[in-house]
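Please prepare a briefing for a reader who is new to this structure. The sequence and the model are shown first, and the main features follow by topic.

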Amino acid sequence: MASEIELELVSGSEEELVTFGNALAKKYALKPETRSKYARALEAGGDYGIYCRKI
């Protein structure tokens with residue numbers, strides 16, 4: 001089962017956001033994803049991935 005968390009800085013400092021993200025990662029054993037959402041969608045699409053193309 002895959003889950004996703006995305007943090008977005010709306011206000012405040014980038015340092016605070018990174019600190020918060022690191023605290024979440026430590027508490028819940030989260031791992032960063034290096035692949036783009038597009039790449040993951042192609043993988044998830046299986047044979048249908050051939051019909052997807054980056055615009």
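In which helix is the place of Phe-20? Phe-20 belongs to helix 1, which covers residues 14–28. This is a predicted model, in which local features need pLDDT of at least 70 and side-chain atom pairs count only at pLDDT 80 or more, while totals for chains, interfaces and linings use all residues. Residues are numbered from 1 along each chain as its sequence is written, and side-chain values use heavy atoms, with hydrogens and water left out.

**Overall make-up**

- The protein has two helices and zero strands; these are DSSP runs numbered from the N terminus, helices being H or I with at least four residues and strands E with at least two.
- Of the 55 residues of the protein, 5% count as buried, where buried means under 20% relative accessible area, exposed over 50% and partly exposed in between (1.4 Å probe, protein chains only).

- Helix 1 has 15 residues and reaches 21 Å from its first C-alpha to its last, close to the 21 Å expected at 1.5 Å a residue; the expected span is 1.5 Å times one less than the number of residues.
- Ala-29 follows helix 1 and has a positive phi, near 50°.
- Phe-20 and Leu-7 are 13 residues apart in sequence, and their C-alpha atoms are 9.2 Å apart in space.
- Ile-5, Leu-7, Phe-20, Tyr-28 and Leu-30 make a nonpolar surface patch of about 500 Å².
- Patches are made of residues with over 30% relative accessible area and no salt bridge, with like charges joined within 9 Å and nonpolar side chains (Val, Leu, Ile, Met, Phe, Trp, Tyr) within 5 Å.

**The largest pocket**

- The largest pocket has a volume of about 510 Å³, a volume being the space filled by probe spheres set on grid points that are joined across faces, edges and corners.
- A pocket is an open set of points on a 1 Å grid over the protein atoms alone, where a 1.4 Å probe fits, with protein on both sides within 12 Å along at least five of seven lines; lining residues have an atom within 4 Å of a point.
- The lining of the largest pocket has 16 residues, and Ile-5, Leu-30, Lys-31, Pro-32 and Glu-33 lie nearest the centre.
- Helix 1 and helix 2 (37–45) are the elements that give two or more residues to this lining.
- Helix 1 supplies the largest share of the lining, four residues.

**Salt bridges**

- The structure holds five salt bridges, each defined as a side-chain nitrogen of Lys or Arg within 4 Å of a carboxyl oxygen of Asp or Glu.
- Glu-4 and Lys-37 meet in a salt bridge through their side chains (3.7 Å, N to O).
- Glu-4 lies in the segment before helix 1 and Lys-37 in helix 2, so this pair ties together parts that are 33 residues apart in sequence.
- Glu-6 also forms a salt bridge with Lys-37, with the closest N and O atoms 2.9 Å apart.
- Glu-4, Glu-6, Lys-37 and Arg-40 are linked in a network of salt bridges.
- Glu-43 forms a salt bridge with Arg-35, the closest N and O atoms being 2.4 Å apart; Glu-43 is exposed at 52%, whereas Arg-35 is partly exposed at 34%.

Technical notes: Accessible areas come from the Shrake-Rupley method with a 1.4 Å probe; for residues, only the protein chains shown count as cover.
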